[in-house]
Structure formats: structure tokens, C-alpha cells
Amino acid sequence: MGHARSYNVYYQSIRKDKLNQIFHNTKQLLLRIELLTNTNEHIPRNGNSKERRKYEQNIVSWMEDSVASTCASCCKSFGLSRRKHHCRLHGSVICNQCSQFLSFSIARCIIDSNISSTSTTNSLAIQQLINLKSVTLSTIINDESNEDYLRICMSCAQCLHNYHHQMCFKNIPKDEIFHHYEKIVQAQNEYNHFHPTYLAIIDSLLSGDTKYQIVDAQRAYRQLNVHYDKIDSISKHIAALADKCLNINENDTTSKNRYATICRNIRTYSVQVLQNFSISTKRIPSEDDIKKAQDEKKRLDNERMTRTILTIPGINLNSLEISEKLEPFIQQYHQVTQFLEQAKSAGRDDEVRLLESNLKELAQAMSIIHQN
Ligand SMILES: [Zn+2]
Ligand SMILES: [Zn+2]
């Protein structure tokens, strides 16, 4: 107990440090963006001019080109085909492929996302930030219509994305949704956990095995259905919450829309999960199919038995029916024959000799029972 507690305290202190660090880093990035995207007329805007570069380096000191032989992001070596560039937000040297281009307008709305924004196009634009494919520098500079960009590295982009994401959901009451969502995940886990057992019962029935009965399959199916229905009903309940938007400020349409989107996404996700369940869950076979499988298995067993009998010295199949007393011996004889095959092919000579003498004893025993 004491151990667990002290470990917990240790973990919490690390977590707190980590969160503080992230908070500090993010605040620093936002401040830098604020300065770098300032469109005051006295500030040079051309991404390539000497004045602009000087302005940028005043805000963020750049790593020396000579110090970096590999890209800070992908670790590939620089050369003629891989030129050096700088992340404008923290000065590291990166290659063009690892560069993200943050437009001034997106940058501004990330800074402003703390203030509740009502524009949905803004959040769409930011959504694109993280999906943004690196655009070659030339297309940005040559295209007159293109607005100003900041070249940034992947980790800075990720940091901004996380920050924006947090801000987007700041005003949304998540507790109720998450409480229900957890129940869905739990039901999903229980379904997945029990699913193999159900499949094993079905496979056993279809193989003609008599280990399980059809009622076992029906019981297992009902058990799976409990979880299935739970996922279905809870996710419907969440979807219905979408239109209610409990505890959100009446005028905060952005938060309302996001809340509704989360609710509907959970329902969509759940429907997909249920569809997958339906596809992967075999039906219970009919009594007829099970009977057919059992008959087929019996036929194959008999065939195998006959083949085995033919190899046993001293037993004559033609003379009379094989008595029930002999059956277990023949099964055993067949098994030992198989072990013998394996031992022979693996070259285990001692085992081969032992199994051969077992077979002889079995044959003698059977011969005596057969004659009586
Ligand atoms: Zn790179
Ligand atoms: Zn960076």
C-alpha cells in the first residue's frame, strides 16, 4: 500500500512537471506567433527578404546551419538535394519535406481560439493545418495570391494543433458524454472478450463434435446480444443528446455545434462497431446442419477405424463384426500408430522401439478378445 502511494506521488510530480513544461512551451509558441504574424506596416512581410529574416531571428534565435548535419525531424542528412530550412517558431534546422506551412490567417485564429470564435471556416482551416502536405517553397513565393506563411516543424505544428483542440472543447460539458462513451467501450470489450468462445462453440457444432449442444450456442448468442444491445441503446441515447446541448451557453453556437458533432460521431462509430460484429458473428447452425455434421464425422471415424483394423495383425475384419469391447483398443492402436509415424520421421529411435512394442502388445490383447 505504502509502495503504491509513494509511486503515485512520484508519478503525479512527473506528470505535473510535464504539464507545466507543455504549458510553458505552448505559451512561448503563441507569443512568438503573435509577433511573427504581426502585419504592422513597419514589419517586413516578404518571407525571403533579408529584413524579414532579421526580424524573425530577433524573435527566435536560429540554430547555426553549420551545426546541423541532419534534419531535426527526419534525421536524414542534408546535401544538394536536401536543403536546410529553419522552423520559424523554435529555430531548429529541418528539411523541406518536414516543413509545415502555417498561413498567417490560420496562425491568428489559433491565437484567437481562446476567445470563443463563431466562425466554422476557421476551425476547418485549422483542421487542415495538421493535414497540410508540405508545399514546396517556390509555389508559395511565386503565387501572388498566396498569403504569408510561417515555415514550422512538425512538432511545433502538433503542439499548436493540441492547443487548438483543447480550446475548441473548453466550453463543452464532456462528463456525461464520456460517462456513456466509457460504457460503450466496456460493452465492446466484453463482446470481443466473449466472441471467441461463441465462435468455438459454433465451430465445434459444425465439425460434428458432441462436446456442445445447440442450447450452448443459443445461450452464448444471447450473452453476446446483451453487449450488442447495450452499445446500440447507449449510442442512440448519446445521439439524442446532440440536439439538446445541455449546459452550453445559448449564444455559443460554436460549442453547441461541436457538442452535437461529438455526439453524432460516437453514434456513427458505434454503428460501425455493430456492423463489424454482425459480419464477424456466424449464425447458429440449424438442427439439420448439426445432424449432418455429426453423421459425416461418424462416417469419417468409421472409415478411419476400418483402415486401422486392416493393419492390425491377427484381427480378421471379414469374419465377424468388430465387437464394442474392441473399439477403445482400436482407437488406441490408431493413436499409437500416429505417434510412431511422428517418432520415425523425427528420427527418435528409442521412442520408435518403445511404440513398436506397444503396438505389438495391443495387437496381442485385441487378438485374445477377438477370439473369445
Ligand atoms: Zn526532414
Ligand atoms: Zn519547431
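Four donors count as tetrahedral if all angles lie between 85 and 135 degrees. Donors are N, O and S atoms within 2.8 Å of the metal (3.2 Å for Na, K and Ca). This is a predicted model, in which local features need pLDDT of at least 70 and side-chain atom pairs count only at pLDDT 80 or more. Residues are numbered from 1 along each chain as its sequence is written.

**Zinc site**

The site of the zinc ion (ligand 2) is tetrahedral, with angles of 99 to 121° among its four donor atoms. Cys 87 (SG), His 90 (ND1), Cys 153 (SG) and Cys 156 (SG) coordinate the ion at 2.0 to 2.3 Å. Along the chain, the donors are spaced C-x2-H-x62-C-x2-C. His 90 sits in the loop between β1 (85-86) and β2, and Cys 153 in strand β4, so the pair ties together parts that are 63 residues apart in sequence. Buried means under 20% relative accessible area, exposed over 50%, partly exposed in between (1.4 Å probe, protein chains only).

| Donor residue | Relative accessibility | Class |

**Nonpolar core**

A nonpolar core is a set of buried Ala, Val, Leu, Ile, Met, Phe, Trp, Tyr and Cys residues joined through side-chain atoms within 4.5 Å. The largest has 32 residues; Leu 89, Leu 102, Ile 152 and Leu 160 have the most contacts inside it. Helix α6 gives the largest share of this core, six residues. A second, separate core has 31 residues, including Phe 277 and Ile 290. Contact means heavy atoms within 4.5 Å. Beyond its neighbours within four places in sequence, Leu 160 is in contact with residues including Leu 29, Ile 33 and Ile 110.

Methods
Chains lettered and ligands numbered in written order. Heavy atoms only, no water. Helix = DSSP H or I, 4+ residues; strand = E, 2+ residues; numbered from the N terminus. Tetrahedral: all angles 85-135°; square planar, octahedral: opposite > 155°, others 65-115°.
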